[in-house]
Structures are given as C-alpha cells and as structure tokens.
Amino acid sequence: MLTRFSYIAPDNLEEALDFLQENHDSTRILAGGTDLLVELYRGEQVENLLDIKKIPELQELDENDGLYIGAAVPVNALLENETICSVYPLLVEGAETLGSYPIRNRATVVGNICNASPAGDLIPPLLVLGTTVHCRSSEGSREIPLQHFFQGPGSTVLQAGELVAGIKIKPHPISSSSGYWKKSRIKGPDLAAVSLAYLVDFRQKIFDLALGAVAPTPLLLHLGEFLPGLHDDFDRNRGLILETVEERIKPISDLRGRKEFRERIVGAYLERALERIQGGEQL
Ligand SMILES: Cc1cc2nc3c(=O)[nH]c(=O)nc-3n(C[C@H](O)[C@H](O)[C@H](O)COP(=O)(O)OP(=O)(O)OC[C@H]3O[C@@H](n4cnc5c(N)ncnc54)[C@H](O)[C@@H]3O)c2cc1C
C-alpha cells in the first residue's frame with residue numbers, strides 16, 4: 001500500500017537541483033521507478049518524489065568519443081542503438097539480461113548503478129569499460145570513477161543535494177576480448193547470484209575483471225600483470241589469477257545461493273574467461 005507523497009516533475013535540470021538542495025532530507029529521486037516503487041509498495045515512506053525523466057539534459061545518449069548515457073536513458077535505448085550494439089557488445093550483453101522487455105523500457109542505466117545493489121546487471125560491464133559518474137548539484141559538479149561510487153549494499157558516495165546526471169564510458173578498445181556471464185536462480189528475469197565481466201585490451205596489456213553479488217559492493221580487479229605470463233606459462237598464471245580473485249571475494253549465503261555455490265561459479269566463469277583469452281591470437 002502506497003502512502004501519500006508529493007510528485008514533482010521539473011522539465012529543466014536547474015529547477016530539479018534547486019528543489020533537491022532545499023528538500024534533500026525528504027526527497028527521493030525517481031527515474032524508471034523499477035526499484036524505487038518496489039520499495040514504496042513495501043512500506044518505505046517518502047514525502048517528495050522528484051521525477052527526472054522529463055529533463056532534456058538527462059535524456060542525452062551520445063556515442064561520439066566514448067559513450068555518454070544521461071540519467072533518464074532507459075536500458076532498451078542501448079539495445080535499440082546500432083552503434084552501441086556493434087561497438088559496446090559487453091554493455092549490450094549486460095543490458096539484455098536485465099529484467100524483461102517492459103522492465104527495460106522503464107529502468108534506466110543510471111538507476112541500476114544508483115540503486116547500488118551488488119548484483120546490478122549493468123555494473124560489472126560498466127566497471128571494466130572504465131566508467132565515470134557525472135554528478136551534479138546546485139553547487140556544481142564532480143566526476144567519480146564508478147569503482148569508487150559504491151559504499152555498501154544500497155549505499156553510494158552521493159552527497160545531500162546531489163544527483164547523477166549521467167555516466168561517461170571510455171572508447172572501447174579495438175584490440176580486445178570481453179565477456180559477461182550471469183548466474184541466477186531461474187531462467188526468467190531475476191537478479192544475479194553471481195555475475196562476471198572481463199575485458200582484455202591486448203595492445204595495452206590491460207586485463208580488467210569485475211564481479212557482482214560476491215561482496216558488499218561490486219568488485220573491480222586489475223589483472224594486467226598476469227597477461228604476458230598467460231602466454232608463457234598458462235597453468236601457473238591461471239592458478240595465480242584464481243588465488244588473487246579468491247582472496248578478494250567475500251560471498252555470503254542468501255536466498256539466491258549459498259556462499260560455496262557462489263565461489264564455485266566464480267571459479268567456473270573465470271576458467272571460461274581465461275580459456276577465451278588464451279585463445280586470443282594477440283596474447
Ligand atoms: C520485475 C523486476 C525485474 C528486475 N530484474 C533485474 C535484473 O535482472 N537485473 C538488475 O540488475 N536489476 C533488475 N531489476 C531492478 C531494476 O529494474 C534496475 O536496477 C533498474 O536499472 C533501476 O533503474 P530505475 O530507473 O528503475 O531506478 P529507480 O527505481 O527510479 O531508482 C533506483 C534508485 O536509484 C536512485 N536514483 C535513480 N536515478 C538517480 C539519479 N540520476 N541520481 C541519483 N539517484 C538516482 C533512486 O532514488 C532509487 O534509490 C528488476 C526490477 C524488477 C521490478
């Protein structure tokens with residue numbers, strides 16, 4: 001049962017930021033509402049809902065010089081964009097697994113990161129793609145690397161009066177290998193019990209790995225130091241990588257899976273990624 005609240009839907013960013021500055025204690029930001037409305041139906045109280053979907057600056061989707069995704073852009077906009085589908089396959093893989101078609105029509109990319117679930121589907125691909133979060137308030141703006149944005153489940157470093165205006169993703173490396181896998185309880189729409197994204201840039205010797213749902217915040221690991229060794233002594237470096245990852249994850253047992261199950265899936269996905277990387281001609 002929903003309780004009473006005021007609904008504010010400004011059509012320009014300044015108005016939204018001024019409202020947020022004056023009412024930050026009593027206001028929640030509403031994007032697609034696919035997480036927030038669930039909370040409200042569960043009894044969460046709110047005085048003001050600030051709907052940001054009508055603000056033109058937040059609807060921007062720009063594929064020149066990397067990718068900029070405004071806070072009001074729904075997930076399906078990525079899947080319907082030919083350039084994004086061909087240049088950012090990893091992001092598309094993550095987007096395709098998020099909910100169902102109607103959910104993706106409402107759900108925003110930025111809402112997925114602001115909700116700060118360790119299991120958010122778009123977070124691992126965005127982490128390895130080198131994403132920066134563009135924050136705005138009536139006082140000014142700041143940029144935060146996505147790996148520093150999360151504080152814990154449902155908690156971010158956003159300050160009072162601040163919102164995320166959009167995210168900026170680096171240009172996708174040309175000489176790369178990437179992949180995304182998600183394990184959930186059911187075949188249909190469901191949050192991840194474990195998710196893993198990796199990106200290797202063979203030219204720059206970068207090997208970045210991101211994991212979801214195995215720690216209080218999504219994890220980003222830089223494993224580039226092992227990349228040359230994978231060519232010379234695959235088994236030894238495979239072992240070192242598995243050890244490094246095992247040390248960093250802190251899975252728990254919950255309704256989506258037991259701790260041991262999560263550990264096994266991480267190992268299996270990692271083996272899969274390493275086999276693919278080993279098969280890469282430019283290793
Ligand atoms: C049936 C169903 C299935 C789902 N399946 C999946 C799934 O498979 N994978 C998955 O990852 N998620 C799933 N979700 C969760 C949800 O759809 C996503 O997390 C979605 O991306 C959230 O985006 P939104 O625009 O709806 O966010 P909202 O619900 O509008 O907002 C989410 C949170 O972020 C805050 N927020 C939103 N935008 C901003 C901003 N610009 N600045 C600051 N704070 C902001 C809100 O105040 C709120 O706290 C599912 C949800 C439902 C209902």
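I started with the domain division: the chain splits into domain 1 (6-115 + 131-169) and domain 2 (177-279). I noted that the model is predicted. I then took the centres of domain 1 and domain 2 over C-alpha atoms and found 26 Å between them.

**Domain contact**

I looked up which residues meet across the two domains. Twelve residues of domain 1 are in contact with ten residues of domain 2. On the domain 1 side, H5 and strand E8 (150-152) each supply at least two residues. H5 gives the largest share of that side, four residues. I sorted the side of domain 1 that touches domain 2 by class and got five nonpolar, six polar and one charged residues.

**Ligand shell**

Next I turned to the ligand. I found 31 residues around the ligand, and the closest are Ala31, Gly32, Gly111, Asn112 and Cys114. I listed the elements that give two or more residues to this shell: strand E2 (27-30), helix H2 (36-41), helix H6 (101-106), helix H7 (109-114) and strand E10 (163-169). The largest share comes from H7, with four residues. By class, I recorded 17 nonpolar, nine polar and five charged residues in the shell.

**Three-stranded sheet**

I traced an open sheet of three strands, in the order E1-E3-E2, with parallel pairing. Strand E1 (6-8) and E2 are the edge strands. Each has a single partner strand, so one side of each has no neighbour in the sheet. I read an average twist of 25° from one strand to the next.

I checked the pairing of E1 with strand E3 (residues 48-51) and found three bridges, with the strands running parallel. Serine 6 stands opposite asparagine 48 in E3. I also looked for a helix over these strands. Helix H1 (residues 13-23) lies across E1, E2 and E3, and runs at about 155° to E3.

**Four-stranded sheet**

I then followed an open sheet of four strands, E11-E12-E13-E14 in order, with antiparallel pairing. Its edges are strand E11 (176-183) and E14. Each of these edge strands has a single partner, so one side of each is left without a neighbour in the sheet. Here I noted a twist that averages 10° from one strand to the next.

I looked at strand E12 (residues 194-201) and strand E13 (residues 206-212): they pair in the antiparallel sense over seven bridges. Alanine 197 stands opposite alanine 210 in E13.

Which helices pack on this sheet? Helix H5 (residues 89-96) packs on the sheet and touches E11 and E12, with its direction at about 10° to that of E11. Helix H11 (residues 259-279) also packs on the sheet, touching E11, E12 and E13. I read about 25° between the direction of H11 and that of E12.

**Histidine 222**

Last, I picked out histidine 222, which sits in strand E14 (residues 219-222). Is histidine 222 buried or exposed? I found 12 C-beta neighbours inside 10 Å, so histidine 222 counts as exposed; the cut-off for exposed is 12 or fewer. I also compared histidine 222 with valine 128. They are 94 residues apart in sequence, and 9.0 Å apart in space, C-alpha to C-alpha.

Notes: Residues are numbered from 1 along each chain as its sequence is written. This is a predicted model: local features need pLDDT of at least 70, side-chain atom pairs count only at pLDDT 80 or more; totals for chains, interfaces and linings use all residues. A residue is buried if 20 or more other C-beta atoms lie within 10 Å of its own, exposed if 12 or fewer, and partly exposed in between; C-beta atoms are placed from the backbone. A residue is near a molecule or strand if its C-beta atom, placed from the backbone, lies within 6 Å of it. Ala, Val, Leu, Ile, Met, Phe, Trp, Tyr, Cys and Pro count as nonpolar, Asp, Glu, Lys and Arg as charged, and the others, Gly among them, as polar. Two strands pair if DSSP finds at least two bridges between them. Axes are lines fitted to C-alpha atoms, for helices over the stretch in contact, and angles run from 0 to 180 degrees between N-to-C directions. Two residues are in contact if their C-beta atoms, placed from the backbone, lie within 7 Å. Domain bounds come from an automatic or database domain assignment.
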